[in-house]
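This report describes a single protein chain, from its overall fold to selected residues. Please consult the sequence and coordinates alongside the text.

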Amino acid sequence: GQYGYGYGISYLKDALARILGIDHTYEVIIIGAGFLGKAIANHAPTEKPTFIVQALFDIDPQCIGTVTGGVPILDMQELEEYLSKHHIDIAVLTLPPGAAPGAAERLARAGVSGIWNFSSVDLKVTVPEVVIENVHLSDSLMTLSYYLNHK
């Protein structure tokens with residue numbers, strides 16, 4: 001900032017966007033078209049989208065071939081073929097804990113750079129360049145409980 005003038009808001013917003021990496025777009029797929037996967041697909045930001053959901057994948061024949069949030073639901077068996085034809089930066093995992101490690105490894109080996117993991121198990125993959133963000137909804141709920149109890 002400048003003394004007496006403050007900060008140039010536009011410059012500050014641009015600098016923060018660069019630092020956070022949201023000054024460009026990321027291509028995203030969602031693995032698991034259950035309630036959480038569909039909720040994420042249906043609520044992706046549409047105004048100046050940074051994260052663009054390209055497809056969902058599932059094993060349920062009832063879901064495969066349908067569309068949610070304008071995004072097609074594809075067969076999980078087509079994952080590697082899809083990834084060989086489309087550049088995907090981030091995969092969102094909304095799978096049961098038993099299915100998540102195998103799916104994460106498949107994604108990592110197929111070239112996905114980042115995994116946003118909502119399964120209740122911490123994931124690791126054999127490809128060291130892949131970044132994994134393990135999200136534990138129960139931890140967040142416990143944090144809220146703590147704050148409610150100590151307000």
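## Basis of the model

The model is predicted, so local features need pLDDT of at least 70 and side-chain atom pairs count only at pLDDT 80 or more, whereas totals for chains, interfaces and linings use all residues. Residues are numbered from 1 along each chain as its sequence is written, and side-chain values use heavy atoms, with hydrogens and water left out.

## Overall architecture

The chain contains five helices and seven strands, where helices (H or I, at least four residues) and strands (E, at least two) are DSSP runs numbered from the N terminus. Along the sequence, these elements follow the pattern α-β-α-β-β-β-α-β-α-β-β-α.

The C-alpha atoms fill a box of roughly 65 × 45 × 30 Å along the principal axes. Of the 151 residues, 35% are buried; buried means under 20% relative accessible area, exposed over 50%, and partly exposed in between, with a 1.4 Å probe and protein chains only. Contacts are defined by heavy atoms within 4.5 Å. Among those between residues at least 6 apart in sequence, 49% join residues at least 24 apart.

The seven strands form an open sheet of mixed pairing, in the order 3-4-2-1-5-6-7. Strand 3 (67–68) and strand 7 (131–134) are the edge strands, each pairing on one side only; two strands pair if DSSP finds at least two bridges between them. Four bridges join strand 6 (residues 114–117) to strand 7 in the parallel sense, and I115 has I132 in strand 7 as its bridge partner.

Helix 4 (residues 100–109) lies across strand 1 (26–31), strand 5 (90–93) and strand 6, and runs at about 170 degrees to strand 5. Axes are lines fitted to C-alpha atoms, for helices over the stretch in contact, and angles run from 0 to 180 degrees between N-to-C directions. G102 is located in helix 4 and counts as partly exposed because its relative accessibility is 40%. Its C-alpha atom is separated by 12 Å from that of S119, 17 residues apart along the chain.

D75 belongs to strand 4 (residues 71–75). This residue is buried yet has no salt bridge, the nearest side chain of opposite charge being R106, 7.6 Å away. A salt bridge requires a side-chain nitrogen of Lys or Arg within 4 Å of a carboxyl oxygen of Asp or Glu; Lys and Arg count as positive and Asp and Glu as negative, while His and the chain ends are not counted.

The D75 side chain reaches the backbone nitrogen of Q77 at 2.9 Å. Leaving aside residues up to four places away in sequence, D75 touches F57, D58 and I64.

Terms used
A polar contact is a pair of N or O atoms within 3.5 Å; within protein, one must be able to donate a hydrogen and the other to accept it, and residues adjacent in sequence count only if both atoms are side-chain atoms.
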